[in-house]
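Q: Could you walk me through this structure? I am new to it.
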Amino acid sequence: ETIISGETNQFVSLELDVSQIQSLILLSSRNVTLKTNSSTTPTNTLNLVANVPYIWNSDSYDTSKLTADVTSLFVTNSSGADAVLKISAVLDPTP
């Protein structure tokens, strides 16, 4: 998904059941802020650093930064250039 430079709370369609996530990678080519489920009262807010993936899997030492099911994302890009946001998830449909 391309996030336009200067965009505030760009809607990205995404639905994730956190109980099914086995592995998750979030990667952006620019610094961006992700808000889950709402642009004004987000469930979670994640700040991604350019080209540094957020990686979580069910064997991780820490808990996932996604604490509730995701119904949508709102992405802010104030980096000065368009960002490419990549999301990859491995789900177990029978948790």
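Predicted model: local features only at pLDDT ≥ 70, side-chain atom pairs only at ≥ 80, totals over all residues.

Q: How many helices and strands does the protein chain have?
A: The protein chain has zero helices and eight strands; these are DSSP runs numbered from the N terminus, with helices being H or I of at least four residues and strands E of at least two.

Q: What box do the C-alpha atoms fill?
A: Along the principal axes, the C-alpha atoms of the protein chain fill a box of roughly 40 × 25 × 20 Å.

Q: And how many of the residues count as buried?
A: Of the 95 residues, 33% count as buried, meaning under 20% relative accessible area with a 1.4 Å probe, protein chains only.

Q: Which residues touch the most other members of the largest nonpolar core?
A: They are L34 and V75, in a core of 19 residues. Such a core is a set of buried Ala, Val, Leu, Ile, Met, Phe, Trp, Tyr and Cys residues joined through side-chain atoms within 4.5 Å.

Q: Which strand gives the largest share of this core?
A: That is β3, with three residues.

Q: What does V75 touch?
A: Leaving out residues up to four places away in sequence, V75 touches residues including I3, V12, L34 and L85, where contact means heavy atoms within 4.5 Å.

How values were computed
Residues numbered from 1 in each chain as written. Heavy atoms only, no water. Buried < 20%, exposed > 50% of the residue type's maximum accessible area, 1.4 Å probe, protein only.
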